[in-house]
Amino acid sequence: PASNGHEPKPVLRNINLTIPAGSTLAVVGPTGSGKTTLAALVARLWEVPPGQLLIDGHAIREWPLESLRRAIGYVPQDTFLFSETVGENIAFGVPAHDPLEVQEAAEIASLHGDVEGFTKKYETMVGERGITLSGGQKQRTAIARAIVRDPRILILDDSLSAVDTQTEEKILGQLRGVMRGRTTILIAHRTSTVRDADQIVVLKDGHIIERGTHDELLERQGYY
């Protein structure tokens, strides 16, 4: 809602999307186009009008929130880390975790090499009482946190923006195995991040203005 007396303006309008189970949807578009709002609605961080968003044929509100959240691995733009160890930050929300699974998730997220350089490795404290991670390391920790949950739906909201293109390519290559068989929503600014997606939608001003594969969109020579 607007706080200046004006009518609230819808962030998304006329969005008609089907994401087949196990496929990858990429969402691109300028800042403020509604990409993060779309991701937040799927994760039910915000409520959507009744009957507007279905998962496996059921309205999202019909799913118990705990079950829904357990099935989703969500990596937001702004990563929040706790004043805990690196390992505990990765395993956050997974009570009975296996240290080997934490390490495997860190390897997929290209974080393991960095952690091996820390004095206490995965027992190294993060934050006020320990090391301060770089922006890229924070993002990779959040990706590892999502992977270790073994989610059915993986949402990456511009979560490779703080890493260089070489690291991004490496992470994406390693993520392909994780994404296989999972429904993935990939939000990005770089076309290099999304080129292998099953379908790409371009959002602008809350509308889908283009959709297709990377090659199809390049051929059209439109906004993409």
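Modeller: Contact here means heavy atoms within 4.5 Å. The model is predicted.

Biologist: Which residues does Ser159 touch, not counting residues up to four places away in sequence?
Modeller: Ser159 sits in the loop between strand 5 (153-157) and helix 7 (165-179). Residues up to four places away in sequence are not counted. What is left for Ser159 is Val75, Gln139, Ile143 and Ile187.

Biologist: Is Ser159 buried or exposed?
Modeller: Buried means under 20% relative accessible area. The relative accessibility of Ser159 is 3%, so this residue counts as buried.

Biologist: Which element gives the largest share of the largest nonpolar core?
Modeller: The core has 41 residues, and those with the most contacts inside it are Ile90, Leu175, Val194 and Ile200. Several elements supply at least two residues each, among them strand 1 (24-28), helix 3 (86-90), helix 4 (99-108) and strand 7 (199-204). The largest share, six residues, comes from helix 6.

Biologist: With which residues is Leu175 in contact, leaving aside its neighbours within four places in sequence?
Modeller: Leu175 is among the residues with the most contacts inside the largest nonpolar core. Once its neighbours within four places in sequence are left aside, the contacts of Leu175 are Ile108, Ile143, Ile147 and Leu156.

Biologist: How many residues does the second, separate core have?
Modeller: This core includes Leu53, Ile72, Leu203 and Ile208. Its total is 21 residues.

Biologist: Which element supplies the largest share of the lining of the largest pocket?
Modeller: About 1,000 Å³ of space lies in this pocket. Its lining has 39 residues, and the closest to the centre are Val42, Gln52, Leu53, Leu54 and Ile55. Helix 1 (35-42), strand 2 (54-55), helix 2 (65-71) and strand 6 (183-187) each supply at least two residues of the lining. The largest share is four residues, from helix 1.

Biologist: How many residues in the lining of the largest pocket are nonpolar?
Modeller: The lining is divided by class.

Biologist: Which element gives the most to the lining of the second largest pocket?
Modeller: This pocket holds about 400 Å³ of space. It is lined by 18 residues, with Tyr74, Pro76, Phe92, Arg145 and Arg149 nearest its centre. Strand 4 (72-75) and helix 6 (135-148) each supply at least two residues of the lining. The most, four residues, comes from strand 4.

Biologist: Is the aromatic pair of Phe80 and Phe82 stacked or edge-to-face?
Modeller: A pair of aromatic rings is described by the distance of the centres and the angle of the planes. For Phe80 and Phe82 the centres are 5.0 Å apart and the angle is 80 degrees. Planes over 60 degrees apart count as edge-to-face, so the pair of Phe80 and Phe82 is edge-to-face.

Biologist: What is the angle between the planes of Phe82 and Phe92?
Modeller: Phe82 lies in the loop between strand 4 and helix 3, and Phe92 in the loop between helix 3 and helix 4. Their pair is tilted, with 4.5 Å centre to centre. The angle between the planes is 35 degrees.

Biologist: Is Phe80 buried or exposed?
Modeller: Exposed means over 50% relative accessible area. Phe80 has 54%, so Phe80 is exposed.

Key: Residues are numbered from 1 along each chain as its sequence is written. This is a predicted model: local features need pLDDT of at least 70, side-chain atom pairs count only at pLDDT 80 or more; totals for chains, interfaces and linings use all residues. Side-chain values use heavy atoms; hydrogens and water are left out. On a 1 Å grid over the protein atoms alone, a cavity is a set of points where a 1.4 Å probe fits but cannot get out, and a pocket is an open set with protein on both sides within 12 Å along at least five of seven lines; lining residues have an atom within 4 Å of a point. Grid points are joined across faces, edges and corners, and a volume is the space filled by probe spheres set on the points. Ala, Val, Leu, Ile, Met, Phe, Trp, Tyr, Cys and Pro count as nonpolar, Asp, Glu, Lys and Arg as charged, and the others, Gly among them, as polar. Buried means under 20% relative accessible area, exposed over 50%, partly exposed in between (1.4 Å probe, protein chains only). A nonpolar core is a set of buried Ala, Val, Leu, Ile, Met, Phe, Trp, Tyr and Cys residues joined through side-chain atoms within 4.5 Å. Rings of Phe, Tyr and Trp (its six-membered ring) pair if their centres lie within 6.5 Å; planes under 30 degrees apart count as stacked, over 60 as edge-to-face and the rest as tilted.
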